[in-house]
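Hi,

Here is the structure I said I would pass on.

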Amino acid sequence: MAIMKVRFYIEALSNDRKALERAVEEIVKSLKNESTVKVEDIITEEILENPEDDVLKYSSMVEAELEGPFEEIVKATMRYAPALVEVVSPAKIEIDAKDLMKILGEVSLFMGKLMEKFGGLVAYPPLDEIPKPRIGYNREEIEEMIIDGKEILYRFVIETFGKDKESIEETMLKAFAYEGCKVNKIAVKVQEERGDRIYALVASELISPFEVLFQLTAKYAPVAISIIEPEIVDISATELQNALTDLGGFVHELTHRPLKKKLIEKDTFKFRLS
């Protein structure tokens with residue numbers, strides 16, 4: 001698998017200066033002890049105070065250069081949740097579809113566990129005004145998307161709840177279109193009824209760029225995913241950078257929810273007392 005060199009910008013936040021200092025020390029210690037990626041050039045910035053932020057008023061940034069296979073860089077992104085990932089080299093990578101599916105499976109499993117603990121990530125504006133997208137493309141159109149557009153054809157299966165089978169299908173069609181996917185096939189299979197809602201599996205065949213596929217996997221944690229075409233996926237540094245930064249952002253959002261909620265509740269309690 002191709003070796004990548006990236007730079008992580010890891011943001012540490014706290015409402016307590018001493019706690020933040022300890023957190024930064026732990027991040028640096030963990031980076032120095034990494035065994036699956038090579039870590040160099042660790043830099044810690046001074047702690048900044050934002051008096052306007054009553055929730056997490058202290059912040060600091062840890063920068064580090066990491067080098068390793070794409071799979072290990074993805075795992076490190078999930079461990080450290082960097083605010084930004086900068087790809088230093090190479091300009092692009094080529095990865096076997098089977099290897100990419102393995103990595104996506106690991107992302108799905110990791111994110112699924114986080115969402116079970118902290119809640120979901122999927123949130124959209126009202127989809128009513130989005131027209132129902134087209135379903136189905138001929139072979140010539142699919143080949144043009146894959147060869148000329150560098151897009152990926154893949155099967156994507158998720159769990160969801162909804163009012164009924166029809167509304168679930170319409171919602172997911174519009175959601176996929178909103179994300180930047182073209183839908184080749186879709187099927188909703190009802191698993192069970194739970195009160196006035198149903199639990200269902202949505203199996204779809206989608207076409208999208210790598211970046212969208214990666215984002216969808218992190219946001220939905222699919223129960224199954226398989227890449228149909230191409231056999232070798234060509235990914236640019238920009239696509240890698242965006243995908244990894246999004247992944248880090250998703251992990252950061254989920255893992256910081258309890259702290260933000262606790263601090264907001266504490267401030268609300270103080271306000272009520274006063």
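Where is the place of Y58? Y58 sits in strand β4, with strands being DSSP runs of E of at least two residues, helices DSSP runs of H or I of at least four, and both numbered from the N terminus.

Before I go on, some housekeeping. This is a predicted model, in which local features need pLDDT of at least 70 and side-chain atom pairs count only at pLDDT 80 or more, while totals for chains, interfaces and linings use all residues. Residues are numbered from 1 along each chain as its sequence is written, and side-chain values use heavy atoms, with hydrogens and water left out.

As for confidence, the protein chain has a mean pLDDT of 91, and 93% of its residues reach 70 or more (pLDDT is the predictor's confidence in each residue, from 0 to 100). Watch residues 267–274, though: pLDDT is below 50 there, and beyond near neighbours in sequence that stretch has one contact in the model (contact means heavy atoms within 4.5 Å).

Y58 has a relative accessible area of 14%, so it is buried (under 20% relative accessible area; exposed is over 50%, partly exposed in between, with a 1.4 Å probe and protein chains only). Y58 and S208 are 150 residues apart in sequence and 39 Å apart in space, C-alpha to C-alpha.

E65 is also in β4, which covers residues 58–69. Why does E65 count as buried? Because its relative accessibility is 19%. Not counting residues up to four places away, E65 touches K5, V6, R7, K38, V39, E40, D41 and V88.

Now the helices. α2 (residues 70–80) packs against α3 (residues 97–118) at about 10°, with axes 10 Å apart. Axes are lines fitted to C-alpha atoms, for helices over the stretch in contact, and angles run from 0 to 180 degrees between N-to-C directions. The pair is therefore roughly parallel (under 35 degrees; over 145 is roughly antiparallel, 65 to 115 roughly perpendicular, the rest oblique). F70, E71, V74, K75 and M78 in α2 meet L100, K102, I103, E106, V107 and F110 in α3.

α2 is mostly covered, with nine of its eleven residues buried, including I73, A76 and Y80. Just after α2, A81 takes a positive phi of about 50°.

Cheers
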